[in-house]
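Me: I have a new structure open and would like a quick tour. Can we go through it in short steps?

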Amino acid sequence: MAKLLYRLGFWSAKNRIKVILGTIAVMLISSIVAMSMGPKLNEETTIPGLESIQTMGRMYQEFPSMNGQGKETQLVMKAKDNETLSSEANKQLISAELKEVAMDPEVSSVVSPYDNQSLNADGTIGYATITYRPGVEVTEVSKEYVLEAAEGLRNAGLQAEVTGNGYVSMEIGGATEGIGVLIALVVLTFAFGSFLTGIIPILTAVIGLGTGVMLIIMGSNFLETPSFALSLASMIGLAVGIDYALFIISRYRQQLAQGFERREAIAIANGTAGSAVVFAGVTVIIGLAGMSVVGIPFLTAMGLAAALCILVAVLIAIITVPAVLSAMGGLIKAKRAKRSERSVTHLKKKNRGDKWGRLVTARPWLTVLLGTALLAILSVPFMHMETGTMDDGLKSTTMTERRAYDLMSEAYGIGYHNPLMILAKTDGSPEAEANLAKTVEQLKTYPNIGTVTPAVTGASGNVSLINVIPATGHADIETVDLVKTIRSHAAEIAQQNHVELSVTGSTAINIDISQKLNEALPEFCLIIVGLAFVLLVMVFRSILVPIKAVLGFVLSLGATLGFITYVVQDGHFQNLFGFSGESLVLNFLPIMVVGILFGLAMDYEVFLVSRMREDFKKNGDAKKSVLAGIRHSGGVVTAAGLIMISVFAGFMMTTDPSIKVMSFALLFGVLFDAFIVRLLIVPGVMTLLGKSAWYLPKWLDRLLPNLDVEGEEVMKEVEKKYQHTTQSATDFYEAIQ
């Protein structure tokens with residue numbers, strides 16, 4: 001593979017204009033096709049086959065009017081102090097504003113708070129329901145009708161807020177991510193010592209991301225794709241796109257400093273760093289695509305969407321970046337000392353580069369114990385993690401949907417946002433009605449019940465719907481316990497009352513999804529850890545190094561999930577990180593973090609430890625190889641980690657709580673893995689292992705394929721090329737030292 005990438009780099013450098021124009025053309029064509037097809041993203045996170053999903057299907061059969069309606073917006077209103085919404089003045093005001101909303105041609109119906117019976121007990125709070133035509137995507141123009149009505153009510157002294165799926169949609173991108181990119185540009189400028197060089201990874205990553213996003217939009221027309229899959233893919237695609245370009249450009253500058261001609265330096269960088277980029281990209285893709293083994297459709301779509309962006313990022317890095325480097329020509333310079341000063345300068349650089357390496361390897365036991373203890377302590381809260389979904393109650397109070405959420409909680413109780421729908425099937429006997437009434441009364445006796453509505457009989461005549469409003473919110477464990485209580489008593493009720501109960505509704509469905517995801521997590525972790533071990537054995541030709549890498553991954557994973565629990569669920573440091581309240585941890589977050597962090601952890605492991613192996617094969621000194629790995633690759637890993645953190649920090653500034661918590665998890669996952677595991681624990685462990693770190697049984701060495709991530713075959717080919725030119729082999733070896 002390294003030879004192929006070497007030749008590809010040379011070809012791209014030679015045909016730089018064609019490659020650059022071709023890359024731009026692919027992006028433009030994919031954009032035109034994607035925009036003509038349009039996105040078909042959805043908000044669904046369901047799992048076929050769950051009891052609650054099947055119950056929902058039966059409910060729609062019995063009550064067809066509950067299914068197939070268009071999107072809805074609620075205009076929530078609260079009267080002025082010492083007034084009610086039922087006053088004649090308020091009635092006229094509200095009716096006039098709702099008539100304006102009804103003029104929107106996309107609206108199919110507008111129901112006032114007086115007609116939908118939504119006024120609370122004291123008549124101070126209620127809401128109007130605006131329903132849009134089925135199949136219509138609510139436009140900004142339609143939203144403006146409702147917002148103008150809300151503003152008119154506010155001008156008259158009422159509080160008016162807007163919510164509902166016709167108004168609120170998941171944020172899939174915004175200006176906040178640009179802040180992270182600007183920080184990444186600063187990091188790159190310092191890393192390269194040049195603004196012009198630093199902007200290249202940004203530009204190539206943006207081109208790759210744009211192409212990847214357009215391909216995802218096209219794919220959404222053929223595969224059910226949740227909207228947050230696009231945000232996840234954008235986060236990962238942008239971050240790794242910058243990092244992969246960084247790795248290749250850094251190696252290119254090293255080759256320039258060693259005296260190679262520009263095209264040769266580009267080809268060598270592509271064959272060496274490019275090999276590591278391809279391997280790193282493949283591991284991330286495997287981790288993301290591996291989410292499909294869980295058998296949950298929306299997770300599969302998320303993983304495949306992000307994997308597609310990674311694939312594009314890898315292709316951009318090994319094809320387009322070499323062409324851009326060639327086009328930049330002499331504008332990208334390597335810092336070289338004069339020949340008379342070279343040895344002194346090299347010694348000074350070596351001393352500076354070795355400072356961190358000598359610090360962490362001087363007392364390896366202390367280094368390893370401190371790093372491990374820190375991550376172990378951070379992992380402790382993971383033991384009581386509870387997963388679920390997030391809603392508008394976690395958004396900032398500056399947003400109208402959050403204020404609408406609070407008004408509804410004030411009017412109808414916090415449980416109003418997470419109702420339970422119970423289907424009650426009777427046996428059709430003369431006592432059926434009495435048994436149903438008895439069952440409703442029995443439900444009222446269960447703990448944490450807020451209100452229970454009278455049963456409504458469906459089309460078949462023997463199936464009824466009972467709405468139960470819990471006394472607690474969706475993030476409270478008491479709500480989960482209530483669902484479990486109803487289900488645990490279902491067999492007893494069926495025997496005593498001859499009424500079969502089934503629980504559905506968004507709350508029950510989310511509880512079932514969370515349980516299914518939690519059950520799948522251990523299996524997924526075993527698959528990922530096993531895969532990581534096999535891949536690393538092939539890369540490093542070692543048994544102990546992969547074991548160390550896998551254990552480091554487990555440590556960083558535990559610390560990440562523990563810290564998420566500590567902040568998001570337990571409520572610590574929420575103001576610092578911009579969260580607006582305690583919440584359950586997003587139910588698919590643990591599996592997502594495992595899949596993504598696995599790939600990113602292997603990235604840093606390969607770039608750091610492969611350089612240690614390269615040096616060890618030359619001199620056979622284990623400790624010196626650790627220092628050499630940190631000296632040559634530690635700075636690149638540091639810059640790459642900071643870039644990842646910067647990009648994820650930009651996405652953390654979003655207003656959507658789901659996107660915020662995903663980016664928060666990835667930010668600290670990279671922080672723990674890159675800076676504690678790879679740059680602190682790994683050098684300490686490698687120092688303790690010494691030469692035994694590189695032991696591999698000979699029989700196993702013969703069986704394993706040679707992936708050549710370090711690009712050894714490339715350097716042999718370059719050596720042959722130099723030997724066949726006027727430059728002697730001695731000059732060649734001087735050049736690469």
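**Cysteines, cores and rings**

Reply: Let's start with a cysteine. Cys309 is buried, at a relative accessible area of 2%. Keep in mind that this is a predicted model.

Me: What about Cys525, buried or exposed?
Reply: Cys525 is buried, because its relative accessible area is 19% and the cut-off for buried is under 20%.

Me: How many disulfides are there?
Reply: The structure holds zero disulfides.

Me: Remind me, what is a disulfide?
Reply: A covalent bond that joins the sulfur atoms of two cysteines.

Me: OK, on to confidence. What is the average pLDDT?
Reply: The protein averages 83, and 91% of the residues score at least 70.

Me: Where does pLDDT stay under 50?
Reply: One stretch is residues 726–730, where the model has three contacts beyond four places in sequence. Another is residues 732–737, with 12 such contacts.

Me: How should I treat parts like that?
Reply: Where pLDDT is low, predicted coordinates should not be read in detail.

Me: Now the inside. How many residues are in the largest nonpolar core?
Reply: It has 174 residues. Those touching the most other members are Tyr244, Phe298, Leu299, Phe588, Leu589, Met592 and Phe664.

Me: Which helix gives the largest share of this core?
Reply: Helix H8, residues 227–257, which supplies 19 residues.

Me: Tyr167 has a ring. What lies over its face?
Reply: Lys143 does, 5.8 Å from the ring centre. Likewise, Lys91 lies over the face of Tyr114, at 5.4 Å from the ring centre.

Me: Staying with rings, how many aromatic pairs are there?
Reply: The structure holds 15 aromatic pairs. In one of them, the ring centres of Phe616 and Trp694 are 6.0 Å apart and the planes are at 25°, so the pair is stacked.

Me: Where do Phe616 and Trp694 sit in the chain?
Reply: They are 78 residues apart, so to speak of the pair is to speak of a link between distant parts of the chain. Phe616 is in helix H20 (589–619). Trp694 is in the loop between helix H22 (657–689) and helix H23 (698–703).

Me: Is that pair buried or exposed?
Reply: Phe616 is buried, with a relative accessible area of 16%. Trp694 is buried too, at 12% relative accessibility.

Me: Which rings form a cluster?
Reply: Ring pairs join Phe563, Phe577, Phe579, Phe664, Phe668 and Phe672.

Me: Phe672 makes me curious about Ser556. What does Ser556 touch?
Reply: Ser556 contacts Leu375, Leu597, Phe672, Asp673 and Val677, leaving aside neighbours within four places in sequence. Ser556 is in helix H18, residues 544–569. Its relative accessible area is 0%, so it counts as buried.

Me: Last one. Where is Gly274?
Reply: Gly274 is in helix H9, residues 262–289. It is buried, at 0% relative accessibility. Not counting residues up to four places away in sequence, Gly274 touches Leu5, Ile248, Ala269 and Ile318.

Technical notes:
Residues numbered from 1 in each chain as written. Predicted model: local features only at pLDDT ≥ 70, side-chain atom pairs only at ≥ 80, totals over all residues. Heavy atoms only, no water. Phe/Tyr/Trp six-rings, centres within 6.5 Å; stacked < 30°, edge-to-face > 60°. Helix = DSSP H or I, 4+ residues; strand = E, 2+ residues; numbered from the N terminus. Buried < 20%, exposed > 50% of the residue type's maximum accessible area, 1.4 Å probe, protein only. Lys NZ or Arg CZ within 6 Å of the ring centre and 35° of its normal. Core = buried A, V, L, I, M, F, W, Y, C linked by side-chain atoms within 4.5 Å. Disulfide = S-S within 2.5 Å. Contact = heavy atoms within 4.5 Å. pLDDT = per-residue confidence, 0-100.
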